[in-house]
Amino acid sequence: MAELDDLSRKILALLQQDATLTADEISERVALSRNAVWRRIRQMEEAGIITGRVALADPVKLGCPLEVMVLVRTNTHDARWMDRFQRIVRAMPEVVGVYRMSGDLDYLLRVRVADVAAYDAFYKRVIAQVPVSDMSASFVMEEIKETTALPL
């Protein structure tokens, strides 16, 4: 199911906004039977289009209001270093996103922490475990847009 028809796109758009919607609620909104909606959702799951359903949490209420974009550069590009670095950052709960980049930047990390002191502790834990040539941070001052919904 590489291509989605209009009804499947509508169903997926609704689920991206609110994954708690029932098949009945979706069927009313897209004018399709509950069973047909449920079948389309199952097909999208089986095809790997829908990869999971999650609850989005408020980082402020959970004590990690500060979002930090961490830029990592390394002089080491061998598989062993990459594997070690990736294992370390995947295991750190503060890291909510890790991206290997093209260009002069090697990695971009999205990190959620309580405050600057918590970021400093995070920074020290990273550099104690894996050598990097440069690790710099930009603190998010204002979130303009944050979404998990993909354009359909």
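This is a predicted model: local features need pLDDT of at least 70, side-chain atom pairs count only at pLDDT 80 or more; totals for chains, interfaces and linings use all residues.
Visitor: What makes up the protein, in helices and strands?

Guide: There are five helices and four strands.

Visitor: Why is arginine 40 called buried?

Guide: Buried means under 20% relative accessible area. Arginine 40 has 18%, so it counts as buried. You'll find this arginine in helix 3, residues 34-46.

Visitor: What does arginine 40 touch?

Guide: Leaving out residues up to four places away in sequence, arginine 40 touches Asp5, Leu7, Ser8, Ile11 and Leu32.

Visitor: Why is helix 2 called roughly perpendicular to helix 3?

Guide: The axes of helix 2 (residues 23-30) and helix 3 cross at roughly 105°. Angles of 65 to 115 degrees count as roughly perpendicular, so helix 2 gets that label against helix 3. Their axes also come within 8 Å.

Visitor: Which residues meet between helix 2 and helix 3?

Guide: From helix 2 it's Ala23, Asp24, Ile26, Ser27 and Val30, and from helix 3 it's Arg34, Val37 and Ile41. Sorted by class, this contact has five nonpolar, one polar and two charged residues.

Visitor: How do you know that strand 1 pairs with strand 3?

Guide: Two strands pair if there are at least two bridges between them. Strand 1 and strand 3 have seven bridges, in the antiparallel sense, so by that cut-off they pair. One example is leucine 71, whose bridge partner in strand 3 is leucine 108.

Visitor: What about strand 1 with strand 4, and strand 2 with strand 3 — how many bridges are there?

Guide: Six bridges join strand 1 (residues 66-73) to strand 4, and these two run antiparallel. In that pair, arginine 73 stands opposite aspartate 134. Five bridges join strand 2 to strand 3, again antiparallel, and glycine 97 has arginine 110 as its bridge partner in strand 3. Strand 2 and strand 3 also form a hairpin with six residues between them, and glycine 103 in the turn has a positive phi of about 90°.

Visitor: Why do strand 2 and strand 4 stand at the edges?

Guide: The sheet is open, and its four strands have the order 2-3-1-4. Strand 2 (95-100) and strand 4 (134-139) each have a single partner strand, so one side of each is left without a neighbour in the sheet. On average, neighbouring strands here are turned by 20° against each other, direction ignored.

Visitor: What makes strand 3 largely enclosed?

Guide: Seven of its seven residues are buried, so strand 3 is largely enclosed by the rest of the structure. Tyr107, Leu109, Val111 and Val113 point one way, while Leu108, Arg110 and Arg112 point the other way.

Visitor: Which helices lie across strand 3?

Guide: Helix 4 (residues 79-91) lies across strand 1, strand 2 and strand 3, at about 20° to strand 3. Helix 5 (residues 116-129) lies across strand 1, strand 2, strand 3 and strand 4, at about 160° to strand 4.

Visitor: How do you know how the whole protein compares with a compact globule?

Guide: For 152 residues, a compact globule would have a radius of gyration near 15 Å, but this protein has 20 Å. Its C-alpha trace spans about 55 × 35 × 25 Å along the principal axes. Of the 152 residues, 30% count as buried.

How values were computed:
Residues are numbered from 1 along each chain as its sequence is written. Side-chain values use heavy atoms; hydrogens and water are left out. Axes are lines fitted to C-alpha atoms, for helices over the stretch in contact, and angles run from 0 to 180 degrees between N-to-C directions. Contact means heavy atoms within 4.5 Å. Buried means under 20% relative accessible area, exposed over 50%, partly exposed in between (1.4 Å probe, protein chains only). Angles under 35 degrees count as roughly parallel, over 145 as roughly antiparallel, 65 to 115 as roughly perpendicular and the rest as oblique. Ala, Val, Leu, Ile, Met, Phe, Trp, Tyr, Cys and Pro count as nonpolar, Asp, Glu, Lys and Arg as charged, and the others, Gly among them, as polar. The radius of gyration is taken over C-alpha atoms; the globule rule is 2.2 Å times the number of residues to the power 0.38.
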